[in-house]
Amino acid sequence: MARLEIDRLAKAFGAATVFDGLDLHVERGETVAVYGRSGCGKSVLLSILSGALAADGGDLRIDGKSVIDAPPEARDVGMAFQNFALYPHMSAFDNIASPLRGQKKPAREIADKVQAVAALLKIDHVLAHSPQALSNGQRQRTSLARALVAEPAVLLLDDPLRNVDAKLRYEMRLEMPNLFRQFESAVIYVTQDSREAMALADRIAILHDGKFRQIGAPQEVYEFPCTAEVGQLLGDPAINLFACESAARDGALLVNPAGCEVNISGRYDLPAAGKYLAGVRPEDIDLAATPAPAPSADADGPARGIEAVVERITPANVRSLLVASTAAGETITVSLPELAAEQVAPKSRAWLSFPADKLLLFAADGGQLIRPNPPAGG
Amino acid sequence: MRSRLKSRPLSKPPLRARLVPYLLSLPALLVCIGILVPFATAVYYSTQRYIITLPFTRGFIGFGQYADLFTDRAFWHTVQISLLYTALTVGLELVLGLAIALLLRRSTLINNIISVALMLPLMVAPVIATLMWKLMTDPSYGILSYLISLAGIDGFRWAAAPSTALFTVVLVDIWVYTPFMIILLLAGLRSLPTQPFEAAQLDGVPKTFVFFRITLPMLTPYIITACLFRMLDSIQQFDIIYGMTKGGPGDTLKVFQVQAYVEFYIANNVGRSAAVLMVLWVITFIISNYFIKYWLKLRRRTHGISAE
Amino acid sequence: MSKSRIEDTARSFLAGNMSRRAFIARMSRLGVGAAASAGVLSAVANRAWAQDFNWRKHAGKTIKVLLPKHPYATYLTQILPAFTELTGIRVEHDTLPEGPFFEKKTSELNTRSATYDAFMDGIMFAWGELLAGQIADLNEFIGDPGATSPAYNWEGILPNMRASCAWSGIPGDRLGGPGSRQMLVPLGWEGYCVSYNREIFDAAGVTPPENLPAMRETSAKIKRDVGGSVHGISVRGAANWGTIHPGYLSGFTSYGGQDFRAEDGKIRASMNSPQGKEFTQLWIDMVRESGPPKWTEYIWYEVGQDLGAGVAGMIFDADILGFFQNTDENNPAAGKIAFAPFAANPAANGNPKSNLWVWSLGMNNYSANKEAAWFWIQYNTMPQQLLAGVRDNGSLIDPVRGSIWNDAGFIKRLQDDYPGYLNQYEKTVGECQVYFTAHPLFAQSADKWSRKLHEIYARQVTADEGLDQLAEEINADLNRAGYLL
Amino acid sequence: MNSPAIMQTVFDKTRIADLLTTAGYALALTAVVLFFLFPIFWVLLMSFQTNADILRTPPSLFFSPTLSNYAAIFAGKMETSTGTQDITFLRNLGNSALLSSLSVLLALALGVPAAYAFARYQFRLGEDIAFTLLSFRFAPPLLVLLPMALYFGQLGLNDSYWSLVWVYQLIVLPLVLWIIRGYFEDINPDIEHAYRLDGNGWGATFLKIAIPLARPGIAAAALLAFIFAWNNFIFALVLASAAKQPVTVGALLFVTGSGIQYGYIAAATVLSVAPILALALFLQRHLVEGLSLGAVKG
């Protein structure tokens with residue numbers, strides 16, 4: 001029995017269906033990131049889980065007990081809000097103590113627990129302050145502390161790092177997994193930042209068009225998105241997708257995304273002359289200032305590159321983003337380490353190549369992932 | 001998304017929880033019923049011949065009361081004087097209020113002190129304000145009568161003469177209610193974005209152009225709301241006119257509510273009084289529908305709620 | 001022994017069997033001085049009533065009465081403690097200025113409210129109240145020995161006062177005629193005469209006018225010759241019934257005007273007769289030329305104050321109004337006021353026709369304490385009380401009992417301090433009666449009448465046009481009520 | 001720095017033109033202030049004058065101030081031509097205070113929960129109630145008052161403070177309801193939801209979160225409602241018995257009853273507006289909001 005069981009949950013606003021038939025089980029101590037674009041229904045899901053909204057159908061169980069009809073106060077759910085939702089007329093201490101008071105715990109225990117969680121979150125020195133007197137980061141931590149302090153069965157985090165600065169976000173991204181491990185809550189972490197989702201979650205659930213499109217470990221979902229669409233959703237910058245055809249030549253199986261020939265023998269067993277969607281993540285593309293050596297028949301040789309013009313270069317954190325276009329008019333996004341990017345001048349020519357072991361193929365209609373063979377000699 | 005969320009009940013299924021809003025608004029509902037019952041009674045009375053001193057003549061006459069009103073010269077005088085009073089007061093107050101709001105637009109210390117001081121007449125009960133003006137316009141000892149006689153006008157009889165009675169009550173109305181226009185329009189003016197004005201100033205746009213093409217259009221929602229609000233008050237004015245002349249001299253100032261009051265208390269004619277008020281109600285109902293529309297728009301703007 | 005003889009004497013005097021002069025003589029023979037005899041009198045008075053009649057029947061009850069601000073109400077409130085002492089009935093009272101008083105009374109009765117058990121009232125208002133069933137027919141109390149003290153002596157009230165307060169309920173019927181119900185009990189009345197300031201009259205070199213054209217000239221002369229803040233004449237002018245009933249209707253009647261024509265229980269407005277128009281035009285011209293600047297707001301308070309403050313040369317209003325202004329030592333005009341009878345029409349023969357106003361007491365028909373309320377009404381109009389009222393505190397004038405007009409002390413006081421008062425009274429009383437035609441729409445038609453006078457005053461219409469319009473409007477009202485002849 | 005339109009000169013920006021504009025501006029403001037404040041000032045002066053001073057021609061700003069008018073009102077006795085009269089004006093003041101306070105308290109008790117319900121839950125009945133109350137705020141008061149007067153008389157309710165307080169809801173309740181509703185709407189619903197997740201029911205949430213957070217609005221609405229109740233005339237004119245009349249009706253009757261006793265009238269006027277003006281100054285930031293029923297904030 002999982003701590004939190006979402007069972008065929010459905011919600012619509014009038015004629016507009018938000019989602020229909022969501023299923024998800026979250027185990028004790030597990031963190032599931034619900035990831036999706038804004039407007040995909042993440043917030044609605046949280047509202048239903050926390051009891052702010054009523055579902056239209058399906059069931060919710062916490063520790064095996066159905067709570068779908070229970071009011072918020074009877075669900076044993078803690079929540080950290082995107083806007084923190086601190087009580088402005090109470091001190092940080094009273095904010096954090098509120099869930100314990102709601103459970104009518106003795107004052108002694110309240111004080112101890114608040115102190116403990118505040119120490120853990122490094123806000124024990126500002127407990128007497130009112131929310132207005134706190135820095136943004138302290139507010140965020142106070143809100144988190146309030147959600148955690150009573151060790152709820154289910155912990156809901158509504159994009160808690162959305163409204164904090166980059167430095168703090170980075171810090172918290174490192175801290176939070178540790179923090180959650182110390183509690184036994186089932187954690188639902190809603191975010192629209194794919195890196196955050198991957199960094200924090202034990203599993204990621206991709207919510208799109210009213211369904212969980214894929215639920216799995218972050219690496220698994222990232223490397224093997226079940227559809228081209230999911231592949232596009234998770235990852236920043238998004239995966240490059242090109243239509244391609246398979247061809248057999250010299251006993252090797254080749255595909256030609258964006259005009260760049262890639263030898264996929266061994267990785268895929270596919271008929272020739274099939275139409276596919278090829279996906280390649282920007283960080284997996286190799287970029288060279290000169291043309292690659294002439295293709296050999298050797299299946300293990302590097303793929304032949306394609307010439308492209310670098311349109312623009314955008315620094316993004318420790319990596320830089322290049323957008324290049326081929327003569328055929330394909331636009332390709334490439335992500336390079338900053339140092340490597342510095343070598344490339346805008347408007348210059350470059351030769352791009354797609355490594356075969358990273359190339360993903362999807363069915364041309366429906367975009368289902370065609371699972372590659374497991375790497376030989378694994 | 002946010003506002004949609006807000007508008008949903010906190011939780012649905014248990015009947016108890018769904019009853020919460022009804023439970024909370026039950027007392028207000030009682031007040032509503034307490035208003036609607038006498039209102040319905042008034043509608044009913046307006047269809048009756050009902051003179052209290054002649055109980056034996058009481059009976060249903062349908063629209064007879066209204067037919068009688070609409071063929072009565074005195075009633076049309078009431079309609080006319082009420083509309084005239086409304087047009088004069090609202091019009092003059094708008095012009096004055098807008099001019100004064102423009103004078104006070106810049107938020108300086110002296111302007112702020114003045115704008116607070118100008119609120120005072122509005123806080124004086126209109127009937128008390130009327131008494132104050134009665135003291136000042138007393139033909140024998142009133143300061144204004146004295147000042148006006150210094151100006152060479154003798155025997156100016158203020159509210160006591162039919163020719164100047166309307167002027168006198170309009171003057172009191174202006175004194176009391178212009179501050180309403182001032183503070184509403186001032187709030188509007190000060191809430192306008194500054195960029196268009198800065199840009200216009202930089203470009204050297206003439207100030208009349210700025211006023212008519214930028215200020216006025218941007219201020220329109222405030223002006224319309226304030227005017228409709230004042231119209232609703234003005235067409236029902238009772239306190240000032242009753243306090244000053246009780247509708248006199250003669251029938252000069254018998255506006256709707258004064259007329260209804262006289263019909264009820266002097267003529268004991270409940271039916272006719274109710275019919276006069278029903279006519280007024282129809283007028284105010286139409287105005288208030290427009291008013292509420294604009295008022296909601298301003299309210300949404302103030303509370304940052306997007307118009308749904 | 002001697003004590004019982006003193007009390008016997010007092011009782012005999014109180015019963016009306018002995019003149020005041022004889023009473024005082026007898027008392028002094030018994031060794032009781034004048035001051036002490038008053039105390040004996042009031043003690044005996046209460047005891048006498050208590051013996052003859054069970055005044056304590058309603059002891060412990062509380063009644064509430066509504067009164068206007070008026071000297072007669074002062075009289076009523078002054079004797080409240082003695083009433084409570086005698087009867088054990090507590091009386092609460094609300095006293096309002098006259099305009100609000102009438103509005104309040106109307107609204108209370110119109111809503112069938114039982115808040116007030118009794119109130120002061122005027123005859124013309126009782127007409128509507130009687131038909132609406134708002135006031136009780138007092139005959140049933142007057143004729144009930146269980147409710148009325150044998151010492152009450154109903155018949156001792158002046159017959160025309162009693163009659164004026166009774167009506168059959170049929171429009172146009174004579175007051176006190178056949179089938180009359182006793183709407184009210186009269187308390188004190190007033191007739192209308194000229195009260196003038198002798199000092200101002202001397203300054204202007206004028207004498208009291210004999211008729212309306214003369215009054216107009218006299219008034220104009222005062223304004224012209226005395227000037228300053230002094231104007232010639234003050235009369236009522238506010239937009240209500242009160243403007244019509246005193247001087248205006250008296251003069252109107254004297255000119256031969258009649259408000260309504262009556263036949264078979266139906267009436268038709270007739271104030272637009274040539275005589276009525278002639279009088280009205282003259283009257284308004286006079287007011288406009290030399291009346292008060294704020295005439296359209298004048299009720300009797302202002303009229304009286306103008307006379308008392310010495311800013312009006314004369315008034316044509318209630319006789320008692322001048323009386324009270326003359327009494328108040330704070331008034332600039334105190335002691336300078338004199339009285340003269342006045343017949344408006346130069347062609348009139350004989351005595352002036354004065355309209356009659358009787359401040360009376362009425363009983364709320366919705367009252368839950370009717371008999372207790374009757375005790376209060378009765379007590380206030382006992383011969384002994386009325387006598388004490390004119391003698392002791394002086395706030396009651398023009399009493400309604402004939403016996404009191406024979407009281408030497410009262411008469412002497414009038415003669416000494418109020419020159420011309422008795423003369424005007426004697427001249428006026430003969431044809432002093434209610435000249436309004438009885439009908440239940442009185443307040444409404446009088447209100448319209450007063451507002452029409454405003455229009456004439458403001459020259460919006462002439463008296464000729466205005467009174468024609470007025471008659472038409474009032475006839476429309478009568479038609480709506482089903483009373484139009 | 002954007003100078004106001006009036007300060008912008010369309011003439012050549014010479015010194016003289018600037019000076020003229022400034023002078024014109026000052027002159028206009030002076031005239032405005034004079035018109036709106038002179039009556040208050042003059043009546044205040046009159047209240048410290050004897051009748052003789054008031055009646056003097058020409059009127060003068062110089063007189064020896066007296067407190068006799070106020071003394072008479074507080075003593076409840078007034079000297080007039082028909083003798084010493086009782087002044088019930090103090091009782092009127094007391095009635096005003098009592099009626100206004102009770103009305104506001106009742107309006108808060110009725111209106112705060114309803115305002116919360118209308119702000120937090122969207123339901124048909126709620127909007128119907130809110131708009132019915134609003135629309136009757138603008139309906140002719142006599143339309144409702146006169147039948148009410150008839151009912152009250154028949155039910156024997158016409159001599160009670162409570163029946164008046166009930167009728168005062170007609171003006172006070174819409175004000176309270178709509179202003180406080182705005183404040184509730186401005187509270188982030190997540191805050192309340194967070195408190196419920198902490199294990200508290202809606203009742204506790206309403207009392208511990210919503211009310212404290214809306215407190216400034218509730219206080220402002222209450223005080224504004226007090227002002228409006230105090231200034232009301234027609235309700236009390238129609239429904240108040242003599243013993244329960246507030247100052248507005250009392251002052252009018254006082255004037256009618258005391259004739260040319262201008263000093264007393266002025267003092268009574270001052271006494272009946274002074275508390276309200278003080279309150280208004282205290283509340284000035286919220287006045288715009290109150291006057292526009294919450295549609296505009298100052």
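Student: How far apart do the C-alpha centres of domain 2 and domain 3 of chain C lie?
Tutor: In this predicted model, the two centres of chain C are 28 Å apart. The domain bounds come from an automatic or database domain assignment. Residues are numbered from 1 along each chain as its sequence is written, chains are lettered from A and ligands numbered from 1 in the order in which they are written. As a predicted model, local features need pLDDT of at least 70 and side-chain atom pairs count only at pLDDT 80 or more, while totals for chains, interfaces and linings use all residues.

Student: And how many residues does each of these domains give to the contact?
Tutor: Domain 2 of chain C and domain 3 of chain C give 15 residues each; contact requires C-beta atoms, placed from the backbone, within 7 Å.

Student: Which element supplies the largest share on the domain 2 side?
Tutor: That is α7(C), with six residues; helices are DSSP runs (H or I, at least four residues) and strands likewise (E, at least two), numbered from the N terminus.

Student: Changing topic, what is the strand order in the open sheet of chain A?
Tutor: The order is β15-β19-β16-β17-β18, with antiparallel pairing; strands pair if DSSP finds at least two bridges between them. The edge strands of chain A are β15 (286-288) and β18 (331-337).

Student: How many bridges join β16 to β17 of chain A?
Tutor: Eight bridges join them, and A:I313 has A:L322 in β17(A) as its bridge partner.

Conventions. Contact = placed C-beta atoms within 7 Å.
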